Amino acid sequence: MNNALILCTLLAASCLSAQDDVIPAPDYGTPGVIISHIPKSEGKYIGSPSICMLPNGDYVASHDEFGPKANTGKSGTTRIFRSSDKGETWNELAVLKDQYWSNLFYLDGSLYILGVNHGHGDIVIRKSIDGGESWSMPTTSKTGKLFEGAYHTAPTPAVIHNGRIWRALEYADALSSKLPDRYGVLMISAPCDCDLLNAENWSMTNYIPADGKWLEGKFRGWLEGNALVTKEGRLIDMTRVHVWPGTAERAAMINVTADGSELYFQPSSGFCIFPGGSKKFTIRYDAAADRYITLSNNIVDGLEKEYPANVRNTLSLMYSKNLTKWSIVKTVLHHDDVKHHGFQYVDWIIDGNDIVFVSRTAWDDEEGGADSAHNANYLTFHRIRNYIQYSEQ
């Protein structure tokens, strides 16, 4: 076993699995608990991990499929899983067609999943009243087809603010056909006590396109925004930012007007240094620790010349008191190889004293590993025990 594999396995064993030790795949030392595995020979890869906890304590997780044989330009495919033993074992519950880039959330007795129907497609939402086994079909504006058009997103949080549920997305044709420059950030919302499947109940803000002149010309675009309610009670969109190699990674903080109708951005003050900001992240405020928390793909020494968005071989726990200054307090997962190993698009929740999360993981398997670090072959579940012990570091 090489040194990198030993390091990653030891880190996972110390704090991350659903039990006291890592649950490995046979012979491959895969960190965490394997929820789903797709070998690269299938021409499909695991994307968009999301996790939600039901009132009875069960976890529900999801992922979609992308790749040359996934046909995501016409129809997305999302798989739903549930664990009734705190993440030790998982069962697949459902396969959803025309669902892609989606997140799970629970509200008022029902489980929902919100995303798009295919890559750069319509915004859709589904509802389950049996814990994820069966789902509504978003075929019309009355049953979950919310906005028609070309939209982009990722499994980022849905948050409640001023009696409404909010979700950040991007308009995919804001500027051009190039990625990631093409996206304009926006938010949608609806009253919490309404029928969320009815498009008439949803509103959309304006969208803000990217501007390549920002950051002295080192800005390459923004995407995969994270709706966030600050500890002061403001609603913002904290957004992933692409920058050129050699540039410190950043996130952008887009403001929402008090009435929730409009987004606005101040480039002179709206960017913050954010290790891992060129990759998708989930940020939440935790009142118990009085900290903002995220799990992020920071860039370790020696990889500074790599394109920042491609460096996903390290996952770290980060805290901030004010959203503008972030501290890495725990290296959670790491592998020395940046080309074929990665822990990315992590979604997480707090369960008691622990953080539990799901990861789109690129790791070794019987076919020699993942197609690339980006094109992951596993969905894995992990646990950080007693996370608050790191809050004062």
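Over how many bridges do strand β9 (residues 145-152) and β11 pair, and in which sense?

1. Strand β9 and β11 pair in the antiparallel sense over two bridges, where two strands count as paired if DSSP finds at least two bridges between them. In this pairing H152 stands opposite E170 of β11. Strands here are DSSP runs of E with at least two residues, numbered from the N terminus.

2. Basis of the note: this is a predicted model, in which local features need pLDDT of at least 70 and side-chain atom pairs count only at pLDDT 80 or more, while totals for chains, interfaces and linings use all residues. Residues are numbered from 1 along each chain as its sequence is written, and side-chain values use heavy atoms, with hydrogens and water left out.

3. Strand β11 (residues 164-171) is mostly covered, six of its eight residues being buried; buried means under 20% relative accessible area, exposed over 50%, and partly exposed in between, with a 1.4 Å probe and protein chains only. Four bridges join β11 to the antiparallel strand β10 (residues 158-161), and H161 has R164 as its bridge partner in β11. These two strands form a hairpin with two residues between them, and N162 in the turn has a positive phi of about 55°. Strand β12 (residues 184-191) runs antiparallel to β11 and is joined to it by eight bridges, with L169 opposite L186.

4. Strand β4 (residues 77-83) is likewise described as mostly covered, with six of its seven residues buried. Six bridges pair it in the antiparallel sense with strand β3 (residues 59-66), where S62 has I80 of β4 as its bridge partner. Six bridges also join β4 to strand β5 (residues 91-97), again antiparallel, and the partner of R82 in β5 is N91.

5. An open sheet of four strands has the order β1-β26-β25-β24, with antiparallel pairing. Because β1 (33-37) and β24 (342-351) stand at the edges with a single partner strand each, one side of each is left without a neighbour in the sheet. The twist averages 20° from one strand to the next, the axes being lines fitted to C-alpha atoms and the angles running from 0 to 180 degrees between N-to-C directions. Between β24 and strand β25 (residues 354-362) there are eight bridges in the antiparallel sense, with I349 opposite V356.

6. The structure holds 16 salt bridges, each being a side-chain nitrogen of Lys or Arg within 4 Å of a carboxyl oxygen of Asp or Glu. One of them joins K44 and E65, whose closest N and O atoms are 3.8 Å apart; K44 lies in the loop between β1 and β2 (45-53) and E65 in strand β3, 21 residues apart. K44 is partly exposed at 24% relative accessible area, whereas E65 is buried at 4%.

7. The side chains of E306 and K339 also meet in a salt bridge (3.6 Å, N to O). E306 lies in the loop between β21 (291-296) and β22 (314-320) and K339 in the loop between β23 (326-334) and β24, so the pair ties together parts that are 33 residues apart in sequence. Both residues are partly exposed, E306 at 26% and K339 at 49%. Salt bridges that share partners join K44, E65, R79 and E92 into one network.

8. The count of disulfides is zero, a disulfide being a pair of cysteine sulfur atoms within 2.5 Å. The sulfur of C194 is 8.0 Å from the closest cysteine sulfur, in C192, which is too far for a bond. C192 counts as buried at 18% relative accessibility.
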